Each structure stands twice: as C-alpha cells, then as structure tokens.
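My entries follow in the order I looked things up.

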Amino acid sequence: MPKQRVAVLVSGRGSNLGALIEAAKEKNYPAEIALVISNRPDAGGLSLAQAAGIPAEVIDHSKYGNDREAFERALQALLEAHKIDLVCLAGFMRVLTPWLVGRWRERMLNIHPALLPAFKGLNTHARALAAGVKIHGASVHFVAPEMDSGPIIAQGAVAVQNNDTAETLAARVIKIEHKLYPLALKLVAEGRVRVEAGRCLIDGVPAPDTAELVPDPS
Ligand code: GRF
C-alpha cells in the first residue's frame, strides 16, 4: 500500500510536527509528511520542515482579514496541489469552518492537550490542576466543526503530582503527545480506525485490559 501523504498544519514551535517527522522516517511507517503549512510566517515549525527537506508553505491569515473563506480556499488549493490524503493539525491556532472540515471528514486529525471531552479550549493544564483531577493527558481526535470535538482516536495519560504547576504538567503531557500523535496517525493511515456512532473503533490493536489507579495503591 502506498504511503499516505500527510500535511501538517502548525502555528508555533512545532514539536509535535517534529515527532511526526521523526516517526515517518521509519521505513514501515504508513505515512509520509509531504507538506507543512503555517498561518504564521514566524512559526518554528517551518524551519523544522525546511531542515527535513519537506515543502513548507505560509498562508498568512492576517492578509485575509475577516475573510475566513478565502483563507481556507487557499489552504484547500495547497492541499490539493500536493495531493494530500490526510491532514494533521499540530498546534494550529485557527478555527476552521464547516466548509473545510466537511471536505476532510475523518481525514483531518487534531491533538489536544487534555483528556477530551474534558478541558476543551485553551489553558488546559491550569484548568486541570484547578479542577483537581488526578489523571490528565492528551487526545488525538478527528476534527469536527465544533472545536475540540469529534471522534477520539487515541489518548495518553499522566498522573497529576501534588506539587505540579501548569508548566511541569505541560512538560509531562507534551512527552506523551510526541508518542501519541505518531501512533494515532499510523492507525489512521493503516486504515485501522472506523467511526461508528461517533466512536472510533480500532481494528487489530487491542486496548490493554489493565487500568491505572492514581494514587498508586501498592
Ligand atoms: C500542543 O500542546 C498541542 O496539543 C496543542 O498545541 C500544542 C502545540 O505544540 N494543540 P507544538 O507546536 O506541537 O510544540
């Protein structure tokens, strides 16, 4: 089966993009990172792409003013020009309209730094601490028109420590993100993810039958 051609959309430093680029170097990985697009000309992710020899394009949203449609048409045109099969949002800070999301139904993924459906939106780590949750983490999901919703493909968890700050928690969650996004993309690119009644079912990869307790009772 030919490798799926993936575009990664970024707005910032691009550490998840870096993790995807690394994973895709593996010979048997089912996807190749074929294009990186940023809506900000200064995004760190662009230099990561260039260093890896991946075409990197900027579609500066500020040049489109309030015309979201024109911005998204430019995006769609680039995705088509590069024959993209799957899109990964990785710290892409623009809300997409139902027009674009509808075109990429079950072919556009996003990573969110919380265990969805908890803590949608921004400042997830501070909000998780304030809520006193004992388990926090990250989710990769298919993109739906409503922000941070859509069928969940994979999740990774970290235990919250007594002395955690938003920063220390973020540092542990981002490490999980870097493992989680390559895994979720692999499953989708291999065609192992089916959506049924709003739920992703994963073929051929059993979920572990153990669950963790926090705090650890042992
Ligand atoms: C990550 O925490 C991701 O979950 C969120 O935005 C952040 C992007 O970080 N959507 P990076 O640019 O991949 O380093």
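Entry on pairing. I started with β4 and strand β5 (residues 108-112), which pair in the parallel sense over 3 bridges. This is a predicted model, so I read every entry with that in mind. I then asked which residue is the bridge partner of Val-87 in β5. I found Met-108.

Next I looked for pairing between β4 and strand β1 (residues 4-10). These two also run in the parallel sense, over 4 bridges. Here I noted Leu-86 of β4 as the bridge partner of Val-6.

Entry on the sides of β4. I checked where the side chains of residues 86-89 point. Leu-86 and Cys-88 point one way, Val-87 and Leu-89 the other. Are these four buried or exposed? I found all of them buried.

Entry on Leu-169. I moved to helix α6, which spans residues 166-189 and holds Leu-169. I looked up its relative accessibility and got 0%; buried means under 20%, so Leu-169 counts as buried. What does Leu-169 touch beyond its neighbours within four places in sequence? I listed His-125, Leu-129, His-136, Val-158, Val-160 and Asp-164. I also took a distance to Val-36, which is 133 residues away along the chain. The C-alpha atoms of Leu-169 and Val-36 are separated by 28 Å.

Entry on the whole chain. I counted 6 helices and 9 strands. I then compared the radius of gyration with the globule rule: the chain has 17 Å, close to the 17 Å that the rule gives for 218 residues, so it is as compact as a globular protein of that length. For the extent, I took the box along the principal axes. The C-alpha atoms fill roughly 55 × 40 × 35 Å.

On burial, 44% of the 218 residues count as buried.

Entry on surface and charge. I got an accessible surface of about 11400 Å² for the chain. Carbon and sulfur atoms hold 54% of that surface. Last, I looked up the charged side chains. The chain has 24 positive and 23 negative ones. The centres of the two sets lie 1 Å apart.

Notes: Residues numbered from 1 in each chain as written. Predicted model: local features only at pLDDT ≥ 70, side-chain atom pairs only at ≥ 80, totals over all residues. Heavy atoms only, no water. Rg over C-alpha atoms; globule rule 2.2 N^0.38 Å. Buried < 20%, exposed > 50% of the residue type's maximum accessible area, 1.4 Å probe, protein only. Areas by Shrake-Rupley, 256 points an atom, 1.4 Å probe, with all protein chains shown as cover. Lys, Arg positive; Asp, Glu negative; His and termini not counted. Charge placed at Lys NZ, Arg CZ, Asp CG, Glu CD. Pairing = 2+ DSSP bridges. Contact = heavy atoms within 4.5 Å.
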